Amino acid sequence: MNLTLFVWRQKDAEDKGRMERYEAKEINSHMSFLEMLDVVNEDLTEKGQDPIAFDHDCREGICGTCSLMINGTAHGPEPGTTVCQLHMRHFKDGDAIYIEPWRARAFPVIKDLVVDRTALDRIMYSGGFVSVNTGVTVDANAIPIPKSESDKAMDASSCIGCGACVASCKNASAMLFVAAKVSQFAHLPQGKVERTSRVRSMVAQMSAEGFGGCTNFFECEAVCPKEISVDTIAKLNREYMMARIKVK
Amino acid sequence: MKLDAKTPSGPLAEKWDKHKFEMKLVNPANKRKFTIIVVGSGLAGGAGAASLAELGYNVLCFCYQDSPRRAHSISAQGGINASKNYQNDGDSDYRLFYDTIKGGDFRSREANVYRLAQVSSNIIDQCAAQGVPFAREYGGLLANRSFGGAQVSRTFYARGQTGQQLLLGAYSALSRQIGRGQVKMFPRTEMIDVVVIDGRACGIVVRDMVTGKINSYAADAVVLATGGYANVFYLSTNAKGCNVTAAYRAYKRGALFADPCFTQIHPTCIPVSGEYQSKLTLMSESLRNDGRIWVPAKADDSRRAADIPEGERDYYLERKYPSFGNLSPRDISSRSAMEVCDEGRGIGATGRGVYLDFADAIGRLGEDVIRERYGNLFHMYEKITGENPYLQPMHIYPAAHYTMGGLWVDYNLESTIPGLFVVGEANFSDHGANRLGASALMQGLADGYFILPYTIGDFLGRSGPSGIGTEHGEFGNVESETKERTERLLTIGGKQTVDSFHRELGKIMWEYCGMTRNEAGLKKALEMIPVLRDRFWQDVLVPGVGEELNQSLERAGRVADFLEFGELMCHDALNRTESCGAHFREEYQTEEGEAVRNDKKFTNVSAWKFEGADTSPSLHVENLEFENVHLATRSYK
């Protein structure tokens, strides 16, 4: 199949950036979207042009590195899928495809389609953990956890930290990301001791990084490649409210 | 050079305790005077950096990804072994040790492997305490499943995302220390070289991948936790960024490289579909618990799977290895798949595939149970292939996966360069010639959480601070070499892209140093690789400049190292005139196609020393002693 691509090109953080048009020729429908970009890049390189910079690593849908806005949707048209697991069979010959980086104040563009998502890490550094030192633990079976609770923790902890939730939110809110982590620990006995301080610091850091608030549009859930539920946001709100009451 | 493994004396089960007592300690108040560099933030690096910081050391942690949470350990699906014996099915430290030694075809060091089994239980406790959501039984206790190469159920898991959950556990421990300021994290920073002064590792030279700036960092010890080199094959199950550069640079600075030819081919990957393909996706080995592997009994059978009656199917693993069946170890399962495809019985468009069939399991357990156990894997398979594995069997084929070889380390995980420690997949120590499933995560975390914090303390206690900062001239020298090399890559201005060279190298490696090897093929590869390398340095095309984010330049540096490293691998494979584990030399096999070891000559580790660009590396041997397990022919029949 042959496609026309409109790709966001931006030399560095200072550059203004613009859309550029490229032709992707003889694309096999079994290719992943990133393999299609590889082919385009090989072609650009051979023609002496600068290849398109984009983030990717595992290409198995789990590392959370890839991050493209495709035709206005984070990770493209397939629900529950990262870009690296999006295949060209979901496009038609002759399609025009618009490819842009995540856009959020807290995610500055580094180059072309590559953005800086370290704001999400800083939220984690502020409290997204159970404070336990190496080697001071009890036997794992000494902490029994009901399967239903453990499953809910697992659902929440499948978040890959890609930032699609932020990119799709009109407020650029990182609420689903924070909610996933808070919810994971809220369902586990190990997380209970620090629940108050954790949620307070993570929410405070989220605001400090310039992410917006949640106004219940649920765009985040719609694009989340791991299908994290907005129920986690409800859980986050409850945890946060409890934490505020406790402090007062 | 005499390779001293520094294995403690005494009975196997007491070695580690004895050693821990004999090691020097660093007074808590003195720990803050030491700085340790950790390169890599996966299971071994992340766990190690966090644990060292908890002890009070200043840690500088580097990773090439944009966040430490993205290290490739995250992709492991199936599980992590531990000898908890929660299932009451006869497991013990000794049995885990025994299975691992046997699985590795008697080419790993007994004392290291026993220690791995010993600390395995602590790992599960540690991770559970961090809030890793392991699978649970209805009674609230931890669930287990079985994995290839073992007859007990000792694998702990978190759906099909065990690697992700364990990594997030280590990342959260690391996050806590970064938040406290005890770890300084350097994401998007690639280690380009190690700096060795007066025979001691004193720091590293890195490239900031955003600005392109070359910088130096000094420390009292350096830890490499930089993963494996399976991307030498171009197509592998590794993340695209995985590379050999850090390990290879350390090799060029004097660290010995052990058993580079031991590379594991994973039996259950989604087959290659076309030339454009950039990587191979693994389907967890845990699928073999319930999936049955088969091909048509006769060659060139083009019927659909459903149209082939039971009597005309060959469940070849169950037939050849009745006691382990579909759970036979990876090397054996992979080679068996290749054999049936060579016989013309492979399936799919390319004929390079076999069926992994869940029809029986779905009939026996119901679709819901299968969905509960493997749902996300089935989902992933459907995404990639466009076929529904609940309705028709999966197509799978072996692919390059894990590398057992790595930098040589002693019992303390220290390389032959004092002060340079190597952990996780980047070292060679625990898996011998073949790694059993669910053992990689175990080793990474064992090294990072429970071994390195002790042994590095011993080193620092004995050696004291290095007293060397980046103002030392050697840092400047290494920086200049790095800059020259970058400049050279950028100014060749040839015609061929970096990836096209990488693909060419991958084909040579897969063809001649892949699932099976023989003398003629290896010799041929050893002629082809230098020719390809010369062409690379004359004709590669690296666009852009050094002082910016330049992904082509990043790849060029890595491929340049792979082009040298591939040759070292072939050298090693040619030298090891026996078959063992994943290293299958065609000249050494039984009539039934089983590996034939040469224990007289090769009960050892081949460790290679760099002797200069135009000289062959020299071979140094560590003899392996088996005092507790009798060397026996591996049988899974």
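How many residues of chain A are in contact with how many residues of chain B? In this predicted model, 77 residues of chain A are in contact with 81 residues of chain B, contact being defined as heavy atoms within 4.5 Å. Because the model is predicted, local features need pLDDT of at least 70 and side-chain atom pairs count only at pLDDT 80 or more, whereas totals for chains, interfaces and linings use all residues. Residues are numbered from 1 along each chain as its sequence is written, chains are lettered from A and ligands numbered from 1 in the order in which they are written, and side-chain values use heavy atoms, with hydrogens and water left out.

**View 1. The interface of chain A and chain B by area.** Between them, chain A and chain B bury about 6,200 Å², of which 49% lies on carbon and sulfur atoms; buried area is the accessible area (1.4 Å probe) that two parts lose on being put together, summed over both. On the side of chain A, the residues that lose the most area to chain B are A:Glu60, A:Tyr125 and A:Lys147, together 12% of what that side buries.

View 2. A:Lys147 forms a salt bridge with B:Glu372, with the closest N and O atoms 3.1 Å apart.

**View 3. The salt bridge of B:Asp66 and A:Arg117.** The closest N and O atoms of B:Asp66 and A:Arg117 are 3.2 Å apart in this salt bridge. The pair crosses between chains, from the loop between β2 (58-62) and β3 (80-81) of chain B, which holds B:Asp66, to the loop between β7 and α2 of chain A, which holds A:Arg117.

**View 4. An open sheet of chain B.** Five strands with parallel pairing follow the order β5-β2-β1-β9-β17; two strands pair if DSSP finds at least two bridges between them. The edge strands of this sheet are β5 (183-186) and β17 (420-422) of chain B, each of which pairs on one side only. Strand β9 (residues 221-224) of chain B pairs with β17(B) in the parallel sense over 3 bridges, and B:Val222 stands opposite B:Leu420 in β17(B).

**View 5. An open sheet of chain A.** Here the order of the 5 strands is β2-β1-β5-β3-β4, and the pairing is mixed. Strand β1 (residues 3-9) of chain A and β2(A) run antiparallel and are joined by 7 bridges, and A:Val7 has A:Glu20 as its bridge partner in β2(A).

Note on methods: Salt bridge = Lys/Arg side-chain N within 4 Å of Asp/Glu carboxyl O. Helix = DSSP H or I, 4+ residues; strand = E, 2+ residues; numbered from the N terminus.
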